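Thanks for coming, everyone. Let me put the model on the screen and walk you through a few features.

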Amino acid sequence: MTQLGYLEETALLLIMIMDQEAYGFSVSEAYRRHTGKSISISAIHTVLSRLEKKGLISSEMKGATEERGGRRKRIFVPTNQGKALVLELKESRQQLWSQIPGMT
Amino acid sequence: MSKILPPKWIDRFLSWFCSDHLLEEIQGDLHEAYQHRQQQFGKRKADYHFFWDVLRFCRPYAFERHSRSKQFLPMYKNYFKIATRNLLKRKVFTALHLLGLAVGISTVMLVALYLTHELTYDSSHPASNNVFRLVNNYRDQTYTCMFFKDYFGSDYDTQMRLLNHLKGYDDVTEACHFVPSHSAIGPNEKVFVKTEDRKLIFEKLLYTNTGQEFDSIFPQLYLQGNPDLAFSAFDRVVLTESSARKLYGESWSTKSLIGTALEIQKKSFVVGGVIADIPGNVHFEFDLLIYQQKIPSWGAYTYVKVGAEADISRVMTRLNTEVELVYPDYKQDVLQKGISSVALQEIHFTEGMLYELKPIANTTYLITFGLVGIIILLIIWTNYTNLSIAMYAGRQRELGVRKLMGARAHDVKMQILTEAMLLTIFCLPFAWLLVFLGLPYLNSLMEVKIDQYVMFEPYTLIPLASFLIFTGIISALYPAIIFSSKSLLRLFSSKLVVGKISRFWNIRNGLLTTQFFLLIGLMSMTFIIKNQMSYVQRRPPGFDQKGVLFFGINGKEKFTRLKNRLEKFPQVIAVGSGMVPGNEMYNQLTYTMKGQEEVLSDGTLIYTSLGSLQVLGIESDALHLLGGQDSVLIINQTAAEKLAAISGIPAQDLLGETLVTEPEWENDTFGNGQHYSIAGIIDNFDYFSLRYPSQSLIIEVFREPDWVYNALVKIESADWFDTVSKIEDAYLAIEPEVPFDFTFLDDHMNELYTREQNAGILTTILTSVCVILAVMGLIGVVGFITFSRQREIGIRKVFGASVVNILVSLAKNYVWMIAAATLLAIPFSLLLGKEWLKTFAYRISPDLWTVFLAGTVTLTIVVVVVVLQSVKSARINPVDILRYE
């Protein structure tokens, strides 16, 4: 099974939440809103490229905007493999949760 | 309202380091973040964050090359192949290219080595800043050595007096003195050194009786033994590595030489140590260091080392106040002008001192070489830029095709740079070899001692390699940038991409003119030096130097025996001892006429024998008086004129008048000075080198002098070799202990001008280097110009121009450049020539025609190159060029 770090996992989940609107800057903003901690864009880029290399997300260049100076975004979407991995993660966590006494 | 944008330079920095395929998204994200922050916190804070964000992208992730460029990596192999093919396609051109580059770079390298050698004189010792040499001012001259109180007659304690006195000073930590045998004050004779199985001649000995102190002021590297051991007792000898090899063979280092006995001139010594050879940039040199109780001279070269905090001027003031503790009556002597000091590192650059051990640095040469080196370097760089532009102009389409096939700007740039570097790297071994082989010549020409071993040192190899690589990069940079940035269409159009940059070409013309200027300047200097040397050699010296040889011999008794023997040989015309003409200046003395107030201080006193004058063919009626008296005094014309001027007696009437030498010396015999009656006046002859104006010579001629140190022999023979070996046999029969070391007088006279003759050889070499470089530069420029004007040539031919017309139109420019360069070279060469000729009192005046001659030679070379290079284009059938139009 593919190993995922905490940052990678969070980024992957954020991408799934954002649906077609996930690119470097927006992910870093979402991360900040979600965790309350700021993260540099370069760190997010590294994480995203790592996820892409692992085949969990795929990307496409599109959606140039005025405030980007007409530069396109690299929009990330989860691959099927990515989706399956998230489900798998969720199930294994759930299983652990269910075994904690007095927490059901 | 226009949008507020982040600072441009940070943006540019990002696009510079960030790989192309990532740039768009990264820059987009950063700009978006910037806009948000800017609205939220204001421009300053946004700028700050933007800057840090960019810096944080400096990580491998952002540098990573796109997968496509990874596929292009093997292209280097292709660049290499194409470059090799191109170089091989034009073999002559490549060979010339390599030759020019190797010759140019190695010349620059040799100049750099020479300058480093000269400028680092005496700076290798760790405490060299605190070492000073003591020099004595006597009369109008400064002696580089100190004297002993009783001169030759000083015993050990007297010799040590000055040093012992100095050692009593708090500021002085160490003091030593020595005398090299081959110095002006040394014994100046070669000696036999005997080991158990070898007997060899040595020339350079260093005598000292302060061994420990010598080693602490001038620390040596001991290969065997140590200074404590070496100087534990007198009569020890320290060998240098090369003399150990000479005496004990190649395997000397396998034996322990310490304690072995050596016999030097019948006296036995014990080897106390072996040290590394003395480097060339030290102001003294020796093969053997003799540690004995008495220094065989009337004085010694004296050095003090002061403490780190001490002030040498304090030492000197105190020494001069207390000088009479060392030299009684020093202050009474009006001729003694005090003792002063010269810092160790200044010794090599201090002019005008008497008896310096090695020739001092010639500042004119240093500056001239430095400039020539820099100009040559500039020429190399422009030449190679020109050459590579010319080369790529013909390959414009090839580069176009590369771009069409998908090469990016970066790839084209890399290709051009790789090709240029390939040639320079290929050149490296040649340049290295040239410097390696050139070093011995440089050493003998410049009288320096640079070890060939430096060619293996990283501080030589790294600059050499970087010179070359830098030359490669700089020469290809311009075409690389131009060709890589041009669009495909421009590369395929028949118009040349590089033709338009007029400003660059003007600089190039300027540099080409500079190059011609240097060539003409150096060539005319060569002519001037050659003319002066032939003037010096053709000038009659005023005595007979043909067939005269001389050698050292010790004492009257041996000389008389030898003379009697030699006079029996039919080939020997005359034998004498004493004066040998052809000298550097030495100490002078005061003289005047009896009863005169005014005293002249530039007299040279010579003691000689009747025999020596007979050998030299110098005649005077006064010599007939020698039948009745032991000695006569004759003076030369210069002395006569000077004496006539101060005494008012006409020069021809001076005969029989009384001449007084050293009038300040009070004595019982004459009251003051030494009195002589002038017996004869002879014509001037070249006793000194022609560097100096004619000096006043006061010559005392003895019939049979009691002191004899040399012998002069005049021979007339068809078989020189045979005669000389007969003389040698006769000599060795009488003096078996000292090797027979003879010199022919005419060789001796020529040796005076070795330095100048070497300067002539050197300018000839530099001129040839410049010719090679100029030819290289021209080939590049003319090649490019004819290529870019091909269609013009075609059209001219269509309209009826002949081959000659076209060649003239191509060569016209250079004629103007050479004319300008010649005009510029006139003041330069004449001034430099005059400056150089100043070292001679007898000299030619530099002529204008030498510069014009140099200009004409340059013009001829240029025309030949232009014609050879462009004749093919000029003869081409216009249809071939114009058919595409």
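**Helix packing, a barrel and a contact**

In chain B, the axes of helix 19 (residues 556–566) and helix 22 (residues 720–734) come within 10 Å and cross at roughly 145 degrees. This is a predicted model: local features need pLDDT of at least 70, side-chain atom pairs count only at pLDDT 80 or more, and totals for chains, interfaces and linings use all residues. Residues are numbered from 1 along each chain as its sequence is written, and chains are lettered from A and ligands numbered from 1 in the order in which they are written.

Some terms. Helices (H or I, at least four residues) and strands (E, at least two) are DSSP runs, numbered from the N terminus. Axes are lines fitted to C-alpha atoms, for helices over the stretch in contact, with angles from 0 to 180 degrees between N-to-C directions.

Back to the pair. Helix 19 of chain B brings Lys558(B), Arg561(B), Leu562(B), Arg565(B) and Leu566(B) to the contact (C-beta atoms, placed from the backbone, within 7 Å). Helix 22 of chain B answers with Ile727(B), Ala730(B), Tyr731(B) and Ile734(B).

Next, the sheet. Six strands of chain B form a closed barrel, order 17-18-22-19-21-20, with mixed pairing (at least two DSSP bridges between two strands). Neighbouring strands are turned by 45 degrees against each other on average, direction ignored. Strand 19 (residues 631–636) and strand 21 (residues 671–682) of chain B pair in the parallel sense over 4 bridges. There, Leu633(B) stands opposite Ile678(B).

Last, the chains. Their contact takes 16 residues from chain A and 16 residues from chain B. On the chain A side, helix 3 gives the largest share, 5 residues.

Notes: Contact = placed C-beta atoms within 7 Å.
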